[in-house]
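Work through the exercises below with the sequence and the coordinates open. Each task is followed by a solution in steps.

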Protein chains: 6
Amino acid sequence: MNAGVRIDGRTPEQLRPVTIERGWSKHAEGSVLVSFGDTRVLCTASVTEGVPRWRKGSGEGWVTAEYAMLPRATNTRGDRESVRGRIGGRTHEISRLIGRSLRAVIDYKALGENTVVLDCDVLQADGGTRTAAITGAYVALADAVSWAQEHKLVKAKAQPLTGSVSAVSVGIIDGVPMLDLRYEEDVRAETDMNVVCTGDGRFVEVQGTAEGAPFARTELDALLDLAVAGNAELEAVQRAALAAARS
Amino acid sequence: MNAGVRIDGRTPEQLRPVTIERGWSKHAEGSVLVSFGDTRVLCTASVTEGVPRWRKGSGEGWVTAEYAMLPRATNTRGDRESVRGRIGGRTHEISRLIGRSLRAVIDYKALGENTVVLDCDVLQADGGTRTAAITGAYVALADAVSWAQEHKLVKAKAQPLTGSVSAVSVGIIDGVPMLDLRYEEDVRAETDMNVVCTGDGRFVEVQGTAEGAPFARTELDALLDLAVAGNAELEAVQRAALAAARS
Amino acid sequence: MNAGVRIDGRTPEQLRPVTIERGWSKHAEGSVLVSFGDTRVLCTASVTEGVPRWRKGSGEGWVTAEYAMLPRATNTRGDRESVRGRIGGRTHEISRLIGRSLRAVIDYKALGENTVVLDCDVLQADGGTRTAAITGAYVALADAVSWAQEHKLVKAKAQPLTGSVSAVSVGIIDGVPMLDLRYEEDVRAETDMNVVCTGDGRFVEVQGTAEGAPFARTELDALLDLAVAGNAELEAVQRAALAAARS
Amino acid sequence: MNAGVRIDGRTPEQLRPVTIERGWSKHAEGSVLVSFGDTRVLCTASVTEGVPRWRKGSGEGWVTAEYAMLPRATNTRGDRESVRGRIGGRTHEISRLIGRSLRAVIDYKALGENTVVLDCDVLQADGGTRTAAITGAYVALADAVSWAQEHKLVKAKAQPLTGSVSAVSVGIIDGVPMLDLRYEEDVRAETDMNVVCTGDGRFVEVQGTAEGAPFARTELDALLDLAVAGNAELEAVQRAALAAARS
Amino acid sequence: MNAGVRIDGRTPEQLRPVTIERGWSKHAEGSVLVSFGDTRVLCTASVTEGVPRWRKGSGEGWVTAEYAMLPRATNTRGDRESVRGRIGGRTHEISRLIGRSLRAVIDYKALGENTVVLDCDVLQADGGTRTAAITGAYVALADAVSWAQEHKLVKAKAQPLTGSVSAVSVGIIDGVPMLDLRYEEDVRAETDMNVVCTGDGRFVEVQGTAEGAPFARTELDALLDLAVAGNAELEAVQRAALAAARS
Amino acid sequence: MNAGVRIDGRTPEQLRPVTIERGWSKHAEGSVLVSFGDTRVLCTASVTEGVPRWRKGSGEGWVTAEYAMLPRATNTRGDRESVRGRIGGRTHEISRLIGRSLRAVIDYKALGENTVVLDCDVLQADGGTRTAAITGAYVALADAVSWAQEHKLVKAKAQPLTGSVSAVSVGIIDGVPMLDLRYEEDVRAETDMNVVCTGDGRFVEVQGTAEGAPFARTELDALLDLAVAGNAELEAVQRAALAAARS
């Protein structure tokens with residue numbers, strides 16, 4: 001395969017088709033089915049009054065996230081973590097990343113003593129599940145915050161959201177920096193990076209890993225450029241989704 | 001409310017709209033999104049060569065099932081069993097019920113030393129999740145068996161499926177026997193029964209529980225009549241789904 | 001073996017010798033050693049003031065049960081669930097069944113905010129352990145309720161027990177419906193059913209499973225007839241045990 | 001109470017009534033219901049061919065033990081360790097003590113590659129459960145070894161048992177050394193000791209603990225004297241039990 | 001090797017070099033790195049106001065201990081108990097022993113409603129880890145008590161410590177009683193005993209185990225003599241350490 | 001405090017005193033006590049022949065790491081993960097980071113089918129425990145590899161190490177980028193980044209998190225510059241330590 005020619009015909013700097021379907025669940029205060037190509041993640045936002053014990057009386061809210069994969073989201077069936085009786089390191093790591101990313105755009109004071117839990121369950125995986133989860137969870141969170149405002153859980157005029165947040169993966173394959181890796185690309189990448197940005201183009205998280213050879217500063221710079229551009233596109237998709245009437 | 005008038009306008013002997021969407025996942029050998037009204041369950045069937053240790057060398061296959069609910073499938077968010085570190089009694093009970101129900105229509109010898117695992121994950125719950133799971137899982141199992149035949153895991157001319165299986169709930173509400181209870185009905189039912197039938201109208205499982213007062217033989221008989229009729233309808237929906245080309 | 005001739009010489013509709021020994025433990029408020037032939041279950045009822053958190057302030061009591069097997073209650077030693085660190089699905093399922101069965105004859109209001117825990121530990125198993133447990137646990141519960149009345153935990157004239165409850169297994173072996181299966185019979189049964197009845201002959205639980213071929217309505221009816229008759233006999237044994245002075 | 005006058009009228013150097021009922025279970029290769037007064041422990045010995053992995057090929061056998069209490073063996077109901085999902089320190093400690101004590105009279109070579117597991121389940125507790133367990137488990141072990149000899153698992157003329165073993169508790173209450181403490185005595189003891197002896201009067205385990213003030217060498221000596229005499233009596237009871245035909 | 005000649009040249013009644021380094025950690029209220037030859041244990045004492053729930057309102061304090069080994073403290077790497085998800089029986093047993101030993105020299109009333117937790121983490125093991133832990137933990141506890149006095153958590157003039165406590169192992173190797181066994185000696189010992197004494201020479205714990213043949217009273221007496229002498233030496237080391245200014 | 005003036009008098013671009021003490025443990029194949037100021041981590045490297053099952057027959061080795069904190073390594077005592085029965089997300093995340101970082105400088109083929117486990121136990125924490133762990137673990141790994149070469153586990157002339165690796169934290173405090181944060185600085189940092197570099201100045205891992213406001217590209221660039229310089233200094237310390245004779 002020629003360098004830069006991708007298995008699905010994309011150019012190196014091209015996202016997969018991204019869709020965000022709001023109102024997917026009738027129970028949750030916010031719910032989104034997000035797709036990055038064949039990666040599909042169901043993100044639900046659950047609002048409850050009150051906060052964890054360590055935060056009581058602070059007047060401030062809390063946002064947290066839990067990520068999981070259905071057993072057959074992947075090509076080979078994985079054991080359920082509930083059956084194994086313990087959560088794996090990868091699951092923990094991603095849940096924490098999603099929570100931190102969303103908290104970056106939350107004004108705890110404005111949220112008041114309410115908690116929002118984001119559940120991101122991967123229904124089908126094809127690379128980039130954590131970045132799709134963050135991108136979708138933001139929209140579910142926005143809907144949940146609107147719900148809280150409508151139901152007077154949040155004070156009038158309080159704006160718990162200080163901005164938007166999205167995430168995308170980038171990586172170097174055969175020496176070419178590429179955006180939004182599919183599973184087969186991810187496996188082949190020498191360097192793999194997940195970049196979480198706010199809607200105004202600043203960084204919330206940068207997590208780069210040399211899977212093969214260590215990477216140079218110029219490579220890091222090229223990846224960051226790609227990721228910032230990709231996140232700008234994702235921000236537009238999020239904005240469009242939120243502009244539409246909720247289904 | 002008048003006895004026999006249901007919140008969604010159904011008659012006592014009427015099913016909710018039932019849909020079976022095949023080929024929902026690109027990875028699994030069989031996959032179905034089944035809906036009984038607002039209850040939605042993703043059923044995937046995973047085929048692997050080989051059988052659990054205790055069955056090795058028998059020449060016989062194995063079929064098992066795991067049931068779970070997404071945390072916000074219900075009106076109030078539930079803790080993840082993976083986070084709690086143990087599977088609850090209800091989950092265990094339903095997983096075992098689904099597994100037994102599907103094994104009732106499997107010829108182990110014809111299946112050969114292959115294992116099929118049915119994962120039934122409830123995406124949205126509104127009563128009858130276990131019966132929807134069984135009804136959908138059968139279709140996923142049928143697709144998985146076809147896949148195994150096409151891929152020569154099963155011997156030519158072997159017919160691992162000996163019939164079809166479906167399930168429906170019935171219950172007595174305000175003295176009236178009713179078919180296919182929604183969550184709000186289930187909560188109010190004095191007696192609650194889940195009935196699993198084969199396509200030819202015989203019983204695989206009958207599980208009746210007096211939630212309020214104990215029930216009489218005549219009530220039991222009326223419930224069984226309703227359930228047999230409901231399962232006959234479900235069998236037709238399954239047959240129609242399997243007759244269509246796989247999406 | 002001729003159809004209908006049983007390994008221990010019983011007729012198909014005959015119970016094994018059933019004994020109920022009250023006052024087996026000096027500590028528990030109610031305690032019974034129940035035997036169905038070689039199946040022996042120690043049932044203790046523990047009364048405590050107060051109820052679980054979710055029930056506080058309701059003025060209503062609670063009854064729950066835990067079932068377990070000693071490791072060498074069976075022919076082959078089983079691992080302890082405490083050593084494995086998790087309770088198996090079968091244990092969960094039976095504990096829940098026993099709890100539901102006993103709650104069917106409890107008037108929560110009359111019990112007041114007290115909790116009764118029934119521990120059913122199988123000392124020796126030979127089939128029918130769950131049905132023996134329910135039958136014995138009812139007697140232990142009755143003694144515990146009397147104790148609560150004597151100790152003024154329950155209001156004067158309040159009658160927490162609304163009736164009695166017992167259980168028996170039935171099954172079809174070589175086409176013949178039989179009552180109260182021993183382990184060797186249970187293994188061979190094509191259909192296996194556990195039926196829990198109140199003392200006045202109504203149903204609390206009906207759990208029938210096709211172990212081999214699915215079963216027809218006529219078979220189901222024959223099994224229910226047998227079970228109702230068997231439970232009537234068990235009710236008489238319970239009544240006689242409770243009529244005797246407590247040892 | 002006068003020093004030396006015990007709640008049940010015993011003298012300081014007197015055992016409670018001790019009974020050993022062999023053949024209590026129809027499944028186990030050895031089984032004993034042992035009573036030290038109101039303390040009742042069911043001890044079963046399970047023989048299996050083969051040894052744990054780390055011992056394979058050594059030509060030597062293995063003996064191990066597991067101790068547990070039924071939830072309502074005590075005055076107040078305790079949580080099940082299976083429900084809590086972990087075994088407590090006390091349970092571990094006692095299981096290990098019982099195992100070591102029995103292994104002290106086993107010739108591993110003579111036992112051959114066979115494993116005996118002793119399950120000691122406390123049905124009713126009134127102090128001294130671990131010493132009753134050891135005393136009863138020895139008799140169950142002796143029956144299990146005989147069974148293994150009869151079934152040719154052990155070589156002809158091989159004598160896996162090198163002696164007998166028993167155990168008793170001693171303690172100092174109000175300055176008076178006493179034998180075989182009941183629960184109420186155990187709670188009041190300043191010093192508490194469990195002593196495991198072989199039938200020929202030597203020591204296998206000595207575990208003394210100052211519950212109140214530290215104890216002097218003279219006190220330690222007095223306790224050891226009492227314990228040696230008590231164990232000699234227990235050895236006679238064991239011998240008598242084993243001399244009788246198995247029930 | 002001649003009986004009585006030890007691998008490291010010690011005489012049978014000689015301790016290994018024992019060092020106690022106070023103030024090892026900047027965070028803990030008391031901290032000690034104790035060495036018995038190559039055995040090195042880090043003991044930290046953590047003081048917190050308040051007591052466990054079951055002790056609240058009693059006016060009395062609490063002291064408890066937790067023992068653990070780093071995975072490569074031993075010659076072969078052991079699995080972490082946190083990774084296995086459960087604490088082993090040996091760890092439980094030793095933690096309990098250390099806690100009991102330290103509580104023997106605590107006046108709960110004088111301590112007031114404060115809790116001291118002793119963490120004893122074995123950094124390098126060469127036999128006698130539990131006895132080194134007790135000996136070092138006492139010094140950490142003494143420093144923690146001083147800290148509590150300085151910070152007015154303990155009432156003026158209250159003396160929570162009623163004495164000192166230390167521990168040493170003894171054993172019989174090739175028929176010779178020896179003091180303070182190294183790992184290689186411990187493995188070869190026929191009898192192994194851990195003896196915990198107060199500074200005034202009385203016993204807190206005596207735990208003797210026949211690893212090989214049962215032991216006679218004369219052997220027990222010889223071991224106790226050795227242990228009492230060894231503990232007297234350890235008390236002197238502790239006293240010297242506490243007399244020095246805290247590093 | 002003036003911006004850029006640090007609590008311990010360092011300049012923003014200055015490391016804390018770093019020491020690397022080799023040969024700290026007599027058992028491990030490589031062992032290092034590494035200090036970054038008051039942060040002290042014991043790193044041991046354990047070599048075993050063979051690899052995990054999924055790697056058998058590949059001819060390639062494996063390197064993995066486990067990170068943990070002693071309970072009182074921090075200012076407030078934390079619960080042991082072994083006692084809680086599960087490993088927290090932070091522990092998992094750091095263990096995985098250390099493992100990946102070390103594997104970046106390993107040639108699996110040259111290592112052959114051997115496994116090296118790095119245990120990094122934090123004895124005292126004052127910020128930067130994961131970066132100290134990586135920096136120290138590399139030296140322990142280098143010693144373990146030398147050991148494996150000396151003991152012929154690795155083929156003559158094979159060079160399993162392809163380079164060196166070290167790590168350092170950087171962060172922005174009051175708008176000033178700073179190197180190697182202490183705990184108090186870490187808590188105040190708006191942005192926090194851990195950077196793992198090879199000895200030749202390329203990147204292995206870059207993990208940056210906005211703790212407060214999102215950060216701009218210029219800030220990210222300044223932090224990377226600082227980190228690269230800091231890692232170059234750490235590489236010199238590592239080289240000097242390895243040049244010295246092993247203690």
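**Exercise 1. A helix and what follows it**

Which residue with a positive phi follows α4(E)? Describe the helix as well.

Solution. The model is a predicted one.
Step 1: Going past the end of α4(E), one comes to Lys152(E), with a positive phi near 60 degrees.
Step 2: The helix itself covers residues 129-150 of chain E, 22 residues in total. From first to last C-alpha it spans 31 Å, close to the 32 Å expected at 1.5 Å a residue.
Step 3: Of these 22 residues, 18 are buried, so α4(E) is largely enclosed by the rest of the structure.

**Exercise 2. Cysteines**

Solution. 
Step 1: Cys197(A) is buried, at a relative accessible area of 1%.

**Exercise 3. Chain pairs**

Determine whether chains A and D, B and E, and D and E are in contact, and describe the interface found.

Solution. 
Step 1: Chains A and D have no contact, and their closest C-alpha atoms are 11 Å apart. Chains B and E do not touch either; their nearest C-alpha atoms are separated by 11 Å.
Step 2: Chains D and E do meet, with 27 residues of chain D in contact with 27 of chain E.
Step 3: The area buried between chain D and chain E is about 2600 Å², with 51% of it on carbon and sulfur atoms. On the chain D side, Phe203(D), Pro214(D) and Arg217(D) lose the most area to chain E, together 24% of what that side buries.
Step 4: Six salt bridges are counted between chain D and chain E. One of them pairs Arg96(E) with Glu93(D), whose closest N and O atoms are 2.7 Å apart. Residue pairs in polar contact between chain D and chain E number 17.
Step 5: Assign the chain D side to its elements. At least two residues each come from α2 (89-103), β9 (203-210) and α6 (217-243) of chain D. The largest share, eight residues, is supplied by β9(D).

Technical notes: Residues numbered from 1 in each chain as written. Chains lettered and ligands numbered in written order. Predicted model: local features only at pLDDT ≥ 70, side-chain atom pairs only at ≥ 80, totals over all residues. Heavy atoms only, no water. Buried < 20%, exposed > 50% of the residue type's maximum accessible area, 1.4 Å probe, protein only. Helix = DSSP H or I, 4+ residues; strand = E, 2+ residues; numbered from the N terminus. Expected span 1.5 Å × (residues − 1). Contact = heavy atoms within 4.5 Å. Buried area = accessible area lost by both parts, 1.4 Å probe. Salt bridge = Lys/Arg side-chain N within 4 Å of Asp/Glu carboxyl O. Polar contact = N/O pair within 3.5 Å; in protein donor to acceptor, adjacent residues only side chain to side chain.
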